[in-house]
Amino acid sequence: MKLFVFLLLPHLSLSEVGQNFNKCNQFFLSNSPPQFTPALSSSAHICQCLWDNNDKPIYLYATLYNTAWRIPIYSAYVLKSPHMGRCDAWFIEPQLDSINEPCMRAEGPNNGNNQAVNSDYEKSNYDKGHLYPVQHTNNHLSMLATSTLTNAAPQDLTFNRGQWSKHETAVILDLQSCDEAYVVTGVVPDTNKGIPISKPTNNPRVTVSKYYWRATCCKKGPTFIGKGYFGPDNNGKVQSLPITGPTGLQQKLINDYQVKDIIIFPVLPPGHKRPLTDVCN
């Protein structure tokens, strides 16, 4: 069954939920998703996509979503000369709540068992912080597809609209000269804090982000250059750091997730060079 959810477009919007990213590996460097060891539990692999007028799926980015925290772990995308406005219509993924509808759509009365819904954010003093941000999209369909609650986590509104927004603009400028630019943006949860907090009779449902992180991998000719970021830091700003090494982003995530190993860009194409510093893996 095909359900048209974007009334402004003759397109069907859906996201395919599964056990892997086989249908959207193209959004990862060398078609290789990040490695989390051991694998995080309660996670769903989402290939965020739209149907075109010929009933063919257009895949736009990939999201690993945690149904226990009701926030994404990361979203991965390819950055291409972005320049788009935004639309604030938000959607959910019916499949996460075992509803037999393949399409991303506006939420209904039976949604929210395994994902956040709009009411979770009401009067919470948190923004719905995009992982794949609107300003990193370069076409109308990608822009619309970012506004799903599986691509958002509670983010301090001052930080989201201030330092993090400036950082997203800086990333565009940093990657504009790349032949190819791969981005993975994720969330480290604060498992002791949740929303909604404005309704004391309800148990908090959605885990608040402790901080956001981003890793970029820029291909220039035969060389790949990687950079890492996280924020807010202790000063409420976005901090840059290498991806690898004892003080790098991967080690920070290993410590905070308390997992054995994390490799954000696990594979470089054969025959390509790594720079002496700022390696992608």
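The model is predicted, so to speak of local features a pLDDT of at least 70 is needed, and side-chain atom pairs count only at pLDDT 80 or more, while totals for chains, interfaces and linings use all residues. Residues are numbered from 1 along each chain as its sequence is written, and side-chain values use heavy atoms, with hydrogens and water left out.

**The chain as a whole**

Let's start with the overall picture. The chain has four helices and 12 strands; both are DSSP runs numbered from the N terminus, with helices (H or I) of at least four residues and strands (E) of at least two. Of the 281 residues, 54% are buried. Here buried means under 20% relative accessible area, exposed means over 50%, and partly exposed is in between (1.4 Å probe, protein chains only). A contact means heavy atoms within 4.5 Å. Among contacts between residues at least 6 apart in sequence, 66% join residues at least 24 apart.

**The nonpolar cores**

A nonpolar core is a set of buried Ala, Val, Leu, Ile, Met, Phe, Trp, Tyr and Cys residues joined through side-chain atoms within 4.5 Å. The largest one has 59 residues, and Tyr 74, Trp 213 and Phe 265 are among those with the most contacts inside it. Several elements each supply at least two residues of this core, including β3 (43–51), β5 (71–78) and α4 (249–257). Which strand gives the most to this core? That is β9, with seven residues. Leaving aside residues up to four places away in sequence, Phe 265 touches Leu 29, Tyr 182 and Cys 280, among others. A second, separate core of 15 residues includes Leu 79 and Tyr 229.

**Salt bridges**

A salt bridge is a side-chain nitrogen of Lys or Arg within 4 Å of a carboxyl oxygen of Asp or Glu. The count comes to five, and the table lists some of them.

| Pair | N to O distance |
|---|---|
| Arg 161 and Asp 127 | 2.7 Å |
| Arg 214 and Glu 168 | 3.8 Å |
| Asp 174 and Lys 227 | 2.9 Å |

Arg 161 is exposed at 59% relative accessibility, whereas Asp 127 is buried at 11%. Asp 174 is partly exposed at 29%, and Lys 227 is partly exposed at 29%.

**Aromatic rings**

A pair of aromatic rings is described by the distance of the centres and the angle of the planes. Rings of Phe, Tyr and Trp (its six-membered ring) pair if their centres lie within 6.5 Å; planes under 30 degrees apart are stacked, over 60 edge-to-face, and the rest tilted. The structure holds 10 such pairs. Phe 36 and Tyr 74 are stacked, because their centres are 5.9 Å apart and their planes at 20°. Phe 36 is buried at 12%, and Tyr 74 is buried at 2%. Tyr 61 and Tyr 132 are edge-to-face, 4.9 Å centre to centre with 75° between the planes, and both are buried. Phe 36 and Tyr 74 also belong to one aromatic cluster with Phe 21, Phe 28 and Tyr 257.
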